[in-house]
Amino acid sequence: MRVLMLSTPFPTHFTPLVPLAWALKGAGHEVTVAAQPDVTDAARAAGITAVDIGDRFHGLDVLQRHLPPGVRPLELMGPTPPEKMAGTTKLWETHARYLLGSYLEFAREWRPDLVVSEQLELAGPVVAAVLGVPSVQVRWGVDPLSGPSRASARNFLHGTCVRLGLDGLPDPDLLLDPCPPALRHPTAPPGSPLGHVPYNGVGTVPEWLRVPAPQGVRRVAVCLGNQTLVLNGSGLFRTIIESFEGLTDVQAVVTAAPEYHEGFGRLPDNVRVVEPVPLNLFLRDCDALIHHGGANTTMTGCHFGLPQVVLPQLVDQFASAELLAAAGAARVLGEAAPQNDAALVRAAVTEVLTDDRYRKSARELRDDMAAMPSPAEIVADLERLAAGA
């Protein structure tokens, strides 16, 4: 079976597809990713064949050009309310229409038996329908976007689809959802469960990771993603680092690209700042996770059963944070003011480390995820779908 994978041009949008690609390859199927270089770089790093479609996208440019110096998106725009979720995806409607011809040109030559795309790559079901093969979409995690944006996407892409001989924008034949029931967004169309396999990029096991935290010391991972830093997030990192001052028997590991380290200033004795390390390499040795609510980071934290402190910055991150909190597994600081207050961040960290209810809820999420079918088990379903069974 030949499987074509498509993704919008953010590596983090593509990452959730990687374990399924590995499972398909492990079962003897041929997998190729067709995307812009922003994504094909990540695909090749993960050992997946890729073909470049179009030029590099530089997605963060879209956000950076609106930001005054030193101001984060949250400080400028505030949290993204539910009623504005649909508007945040209009970029991907235009993107799908722009690249659809190039996708189709390659797909007609390569002749896939199945097309798999992530939740915002709207071209995937269109390419599959034109070729007469099934399509599958995979959610990143908590999905407050697909439901509200579907009507707009149908309208925007209707003419394009009709010109290709379709009645309109097709739905995927199968929608795969890695969320446990407690994290499924109420606006998201129902999907079939797909067990989450942690994959947070490639890397080398660092020396510091080989040395466990001292007996009785709780280790807290801090990972807000490179995007947060690029979007003027150094001040937020400084606040988080400051929040660990005076926390006895707690050790923080802060991951950040090296060019930002100097800007973090003096570090408390219990804080270590390191270059980015895939979270799946070291979260099993941690007691809590502080992060920005990114889909893959959220799912990885849940996989390891960790209580979390979430400081959302953009779009769907607020919904992830709210559902985690509702499930009892996280404390959320969802506004800029509390995020910028080291005392409030310190209180949130202390709470999730000392109140056993957070750990209990986090472990319940972990257990629910572990009961979901793995990507390897899903491959048989995809084989039947491609065969028309």
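A: A cavity, on a 1 Å grid over the protein atoms alone, is a set of points where a 1.4 Å probe fits but cannot get out, whereas a pocket is an open set with protein on both sides within 12 Å along at least five of seven lines; lining residues have an atom within 4 Å of a point. The model is predicted, with local features needing pLDDT of at least 70 and side-chain atom pairs counting only at pLDDT 80 or more, while totals for chains, interfaces and linings use all residues. Residues are numbered from 1 along each chain as its sequence is written, and side-chain values use heavy atoms, with hydrogens and water left out.

By this rule there are 2 cavities of 30 Å³ or more, a volume being the space filled by probe spheres set on grid points that are joined across faces, edges and corners. The largest cavity holds about 110 Å³ of space, and among its 14 lining residues Pro-16, Pro-19, Gly-195, His-196 and Val-197 lie nearest its centre. Its lining divides into 9 nonpolar, 4 polar and 1 charged residues, where Ala, Val, Leu, Ile, Met, Phe, Trp, Tyr, Cys and Pro count as nonpolar, Asp, Glu, Lys and Arg as charged, and the others, Gly among them, as polar.

The second largest cavity contains about 60 Å³, and it is lined by Arg-72, Pro-73, Gln-227, Thr-228, Leu-231, Gln-313, Leu-314 and Gln-317. By class, this lining has 3 nonpolar, 4 polar and 1 charged residues.

Turning to open spaces, the second largest pocket has a volume of about 210 Å³, and of the 16 residues that line it, Gln-137, Ser-146, Arg-150, Pro-172 and Pro-189 lie nearest its centre. Helix α8 (residues 146–163) gives the largest share of that lining, 4 residues; helices (H or I, at least four residues) and strands (E, at least two) are DSSP runs, numbered from the N terminus. In this pocket the lining comprises 6 nonpolar, 5 polar and 5 charged residues.

Next come the sheets, in which two strands pair if DSSP finds at least two bridges between them. Within it, β1 (residues 2–6) and β4 (residues 114–118) are joined by 4 bridges and run parallel, and the bridge partner of Leu-6 in β4 is Ser-117.

Finally, the whole structure has 6 aromatic pairs, a pair being rings of Phe, Tyr and Trp (its six-membered ring) whose centres lie within 6.5 Å, with planes under 30 degrees apart counted as stacked, over 60 as edge-to-face and the rest as tilted. One of them, Trp-22 with Tyr-199, is edge-to-face, at 5.1 Å centre to centre and 75 degrees between the planes. Trp-22 lies in helix α2 (residues 18–26) and Tyr-199 in the loop between β7 and β8 (218–223), so this pair ties together parts that are 177 residues apart in sequence.
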